[in-house]
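Colleague: I have the model open and would like to know how you reach the words you use for it. Could you take me through them, setting each value against its cut-off?

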Amino acid sequence: VVVAGIEIDKLSFYTTVSATCVMLIALVIQLSRSRRRWKRIALQTQTAGPSRPLRTVTPRSTVVILASSAVFLYAITFNLGQAFERSSRTINGGTGEEKIIYACFTLLAVLALTFGLQLQYPRDTSTHRDNIDEVPNQRNEPLSVTKLDVVVVGVGPRSAGYFHLMQFLDMHNVTVTAVVEPYLLGTSNNPPPSFVDLVSMLLSMDIQCCRSIQQLEQFKAPTLCLIAAKTRDNPKHFQEAILKGASSIYLESPGAQSVEQLSHMKQMAEARGVQVFIGYQRLCCRYVQKAISLSRSIRKSHIFFCHNQPNQSIHLPSVVDRNPEGLLHTTALQELAIVVKLLDIRADSIKTFKVNSNRLFSEKETFQINDGGEIISDYTRVAFKLSTENGRSVSILVDRCGGLVSFSVVKSPMGQEIQRFHSRDEVATLEDELKFESDMIDKQFVIERDELFE
């Protein structure tokens, strides 16, 4: 083959042409992704800094399309070249059937690739859970809508609301219509630069940013309000969301400061027919479900849950400031939800309750926050054991500085360890992801992202 006066081997020419076509297809696939995802990645790049790597995952279906395209286009290019060569020798007397056949194949290939590019790739979470028949499904049925509007309340730096916002922006069947930040868009006079960049990105995506739900228009389409603001403010945001016409509400645990407030919020939602969910993501953890399943097969077995967080001791004042409700109400509450929902233990069935007072397991400290103005006392770690009238016993250890991985242990009635289940097996990968600090995403959310996505 002669191109621009240069003679090229036919095989090399066909390979070059097909490879170029595949690269063009890959470029089209990347550019066809939602602008929200690209803007989110751009924001993360600005937040992380130029030297901070981003972890990206290519959808499996995209890889399959590109691989299939490479093989198919190579075959088409090679055969087209042979067809053109034969037809050029018989152009005066030939029928040109080869050109018609290969042109049809080319048209079919283009149509197939166009259809493939239009496909949406929902995140596959089926590989993240095991088939455990013994553990009942505790999740409510999903909303029967193909498209859902979402309003996120509370998206400050290192908050659960910010992490959920990033998840929503990646979902093809979700439209984030508004973001409400009561503090940084309200009373704060000096929001951090990373939050300013976030607001700028959201506004460029036609997402309304305001300080109160009352500033939003009445919801017309099915709308989920995710409330992840300060716990003391949740009842107010909850009421405002219902009055605006929210069809469902997701509350970050504990949801409110008292049982009385939660009961009132429940009555309000039932009167308006609003679905309400509270985020106890530990109920979806594989290591928890495996431990529960094994313990049910062993009579009077003991379960030990260890809930670790990767905080450093020097950062505990800011951690306590973000969670003023305390370690028991924000972190240990996840394991207590497991005790209630999966083990069916109630307060009236508890026979004994004992706190491990050894400082290695339970320690309480006093912290000065808000530049030394306010003093808060809270546990840095706590461990306790409860047993029921029917012989079941459970131990829980929660440690703010315990490390990356949480685990559960099933023990025999004699106290011998039977099996241990860890929350994450890819510890090396996890450490690499958490190597660089971020002023927007808390490390704990990165560790528990699969459970939070559930």
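Modeller: Gladly. Let's start with contact, which means heavy atoms within 4.5 Å. By that rule, Asn234, Pro235, Phe238, Gln239, Ile242 and Leu243 in α8 meet Gln261, Met265, Met268, Ala269 and Arg272 in α9. Please keep in mind that this is a predicted model.

Colleague: What makes α8 roughly parallel to α9?

Modeller: The axes of helix α8 (residues 234-243) and helix α9 (residues 259-272) come within 11 Å and cross at roughly 5°. Angles under 35 degrees count as roughly parallel, so α8 is roughly parallel to α9.

Colleague: How confident is the predictor, and what is the mean pLDDT of the chain?

Modeller: The mean pLDDT is 75, with 61% of the residues at 70 or more. Residues 45-58 fall below 50, and this stretch has 18 contacts in the model beyond near neighbours in sequence. Residues 445-454 are also below 50, with 40 such contacts.

Colleague: And the overall picture: how many helices and strands does the chain have?

Modeller: There are 16 helices and 15 strands. Of the 454 residues, 42% count as buried. Among contacts between residues at least 6 apart in sequence, 74% join residues at least 24 apart.

Colleague: Why is helix α5 called largely enclosed by the rest of the structure?

Modeller: Because ten of the ten residues of α5 (residues 160-169) are buried. Among them are Tyr162, Phe163, His164 and Phe168.

Colleague: What makes helix α13 largely enclosed as well?

Modeller: Here seven of the ten residues (332-341) are buried, so α13 gets that description too. The seven are Ala332, Leu333, Gln334, Glu335, Ala337, Ile338 and Val339. They pack against β8 (275-279), α10 (286-296), β9, α12 (327-330) and β13 (393-399).

Colleague: Why is the pair of Phe304 and Phe407 called edge-to-face?

Modeller: Two values decide that. The ring centres are 5.9 Å apart and the planes are at 65°.

Colleague: What makes the pair of Phe353 and Phe384 tilted?

Modeller: Their centres are 5.3 Å apart, with 35° between the planes. Planes under 30 degrees apart would be stacked and planes over 60 edge-to-face, and the rest count as tilted. This pair, too, links distant parts of the chain: Phe353 is in strand β10 (residues 350-355) and Phe384 in strand β12 (residues 374-388), 31 residues apart. At 7% relative accessibility, Phe384 counts as buried. By this rule there are two aromatic pairs.

Colleague: How do you know that Lys364 lies over the face of Tyr379?

Modeller: The distance from the ring centre is 5.4 Å. The limit is 6 Å, and the position must also be within 35 degrees of the ring normal. Lys364 is listed as lying over the face of Tyr379.

Colleague: Why is Asp399 called buried?

Modeller: Asp399 has 14% relative accessibility, so it counts as buried. Asp399 sits in strand β13 and touches His307, Asn308, Gln309, Thr380 and Arg381, leaving aside residues up to four places away in sequence. Asp399 and Cys306 are 93 residues apart in sequence, yet 7.9 Å apart in space from C-alpha to C-alpha.

Colleague: What makes Cys210 buried?

Modeller: The relative accessible area of Cys210 is 7%, so Cys210 is buried. Cys210 lies in strand β5 (residues 208-210). Not counting residues up to four places away in sequence, Cys210 touches Val179, Val180, Glu181, Leu185, Gln215 and Leu216. The C-alpha atoms of Cys210 and Glu181 are separated by 6.4 Å, while the two residues are 29 apart along the chain.

Notes. Residues are numbered from 1 along each chain as its sequence is written. This is a predicted model: local features need pLDDT of at least 70, side-chain atom pairs count only at pLDDT 80 or more; totals for chains, interfaces and linings use all residues. Side-chain values use heavy atoms; hydrogens and water are left out. pLDDT is the predictor's confidence in each residue, from 0 to 100. Rings of Phe, Tyr and Trp (its six-membered ring) pair if their centres lie within 6.5 Å; planes under 30 degrees apart count as stacked, over 60 as edge-to-face and the rest as tilted. Helices (H or I, at least four residues) and strands (E, at least two) are DSSP runs, numbered from the N terminus. Buried means under 20% relative accessible area, exposed over 50%, partly exposed in between (1.4 Å probe, protein chains only). Axes are lines fitted to C-alpha atoms, for helices over the stretch in contact, and angles run from 0 to 180 degrees between N-to-C directions. Angles under 35 degrees count as roughly parallel, over 145 as roughly antiparallel, 65 to 115 as roughly perpendicular and the rest as oblique.
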